[in-house]
Protein chains: 4
Amino acid sequence: MVSKEEMDKFLSSVYPQNKCIVEAFGDQSATVRHKVGFDELRPGGTVSGPVLMTVADFALYVAILGEIGLVPLTVTTSLTINFLRKPSSDKDIIGVCRLLKVGKSLAIGEVALYSADKTESVAHVVGTYSIPPSSQS
Amino acid sequence: MVSKEEMDKFLSSVYPQNKCIVEAFGDQSATVRHKVGFDELRPGGTVSGPVLMTVADFALYVAILGEIGLVPLTVTTSLTINFLRKPSSDKDIIGVCRLLKVGKSLAIGEVALYSADKTESVAHVVGTYSIPPSSQS
Amino acid sequence: MVSKEEMDKFLSSVYPQNKCIVEAFGDQSATVRHKVGFDELRPGGTVSGPVLMTVADFALYVAILGEIGLVPLTVTTSLTINFLRKPSSDKDIIGVCRLLKVGKSLAIGEVALYSADKTESVAHVVGTYSIPPSSQS
Amino acid sequence: MVSKEEMDKFLSSVYPQNKCIVEAFGDQSATVRHKVGFDELRPGGTVSGPVLMTVADFALYVAILGEIGLVPLTVTTSLTINFLRKPSSDKDIIGVCRLLKVGKSLAIGEVALYSADKTESVAHVVGTYSIPPSSQS
């Protein structure tokens, strides 16, 4: 089992560019958060699509690492996002990932994205990660 | 017809956060470029997936605006990315968009993403934009 | 509100080629079933991918018609399927749809597909339907 | 190299349910054809979405087998279809596949779908197949 402390330490070591915060993970799921400021907005006063994709991709990464251990070279192979509602420009984005399958070489999960404090999701993501052959015990 | 100068002016006005450069657009297509530096990398010394999605989303936006005119509220409704090969960590990312259909309310296109100077694509994207009802003449 | 009887009558009238059975619908969801016989199999003794897509597409159609009424020209605009586990060759396929959004011109939902009597899903689908402009009251 | 005769014989042996015809394959591509009759139609007098997905899935399968050899257990892992234009109800559906990558464990390609004799595509597909570990020489 990976602890929250180990996860945070690992992520800041291998992925210092990351701006998302891990809120929770475990049991084939993860919840992450991304602050929204000027850099995250796009025309129309809404959060840019790529920021939502970033949050979803990170939520998947954390959920998978929570299952298979801290394997840095686990990489995204595909991601599909559907935008559902306009995110608030003044709320953090929350990503809630639930894994659908963790196989030997592929892991797949879905992510619901929310503006913090809202109950209706702003986007839905399904993504697949490739797990390196040597990474599983 | 939108000129390159009008496109650049429009984009820097409505989307100052954008880091992509428009290289060319017209005839249902667009080519854009994104510099790759420390901020664009992820574990494994490669360009992060969200940067590739950003470039693809922007290439679609430019190709569509080149067809329908400078309509800021044209927004992404869905995007599917498949990662094909590891991008170079020291090359710009180039996105080449070709529109598949520009309808009354939806426009859809595909984007091939490359590391500059390479011939094999690093990722493939299909994305859909929603066009606001009042925006077409 | 559309009754089960009205739904069945409508579907057999406009879509006589359909082989799926509606089990339930309402409250932004639907459950449908498809028999599996020789025609539904593919190499490896498993249910063919297109059969799974058919079930998912139909589950989305029923869930959406249950919300917006019996509008025949509601059509699929996009669908993404991820195959998760090998379906049983001797079990019906069950599709359970949950709508993510029903907007004015687009409805979107996800579908979990199961082999009957199994708890782990065999595939996951996200699909979008276009709703004709004149169809909503 | 797989010959056309070997491909046809293999397909009719492992996949007798298949209704598509192989027109050509090789060089990371394939062209296939599906007759359109009553069974292939859906409300609105158009070809049903699942038939288009079937043709695309088959075109990918043939293109991949043409590259890696006749490996029956090569299976679809994901497929994204975008519907672009209404297919003719009285024309065959043609699927033209171009592979984007054939890796050790995954192959990915795109398929343009047409109504025979038309130049604008009716749908666009991107799909991924998993290649069994022991299948490559």
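Q: What makes about 2,300 Å² the area buried between chain B and chain A?
A: Buried area is the accessible area (1.4 Å probe) that two parts lose on being put together, summed over both. For chain B and chain A of this predicted model that area is about 2,300 Å², and carbon and sulfur atoms give 60% of it. On the side of chain B, the most area is lost by B:Gln17, B:Arg42 and B:Pro43, together 26% of what that side buries. In this model, local features need pLDDT of at least 70, side-chain atom pairs count only at pLDDT 80 or more, and totals for chains, interfaces and linings use all residues. Residues are numbered from 1 along each chain as its sequence is written, chains are lettered from A and ligands numbered from 1 in the order written, and side-chain values use heavy atoms, without hydrogens and water.

Q: How many residues does the contact take from each chain?
A: Contact means heavy atoms within 4.5 Å. By that rule the contact takes 29 residues from chain B and 29 residues from chain A.

Q: Why are strand E5 (residues 75–83) of chain A and E5(B) said to pair?
A: Strands (E, at least two residues) are DSSP runs, numbered from the N terminus. Two strands pair if DSSP finds at least two bridges between them. These two have 5 bridges, in the antiparallel sense, so they count as paired. A:Asn82 stands opposite B:Ser78 in E5(B).

Definitions and conventions:
Helices (H or I, at least four residues) and strands (E, at least two) are DSSP runs, numbered from the N terminus.
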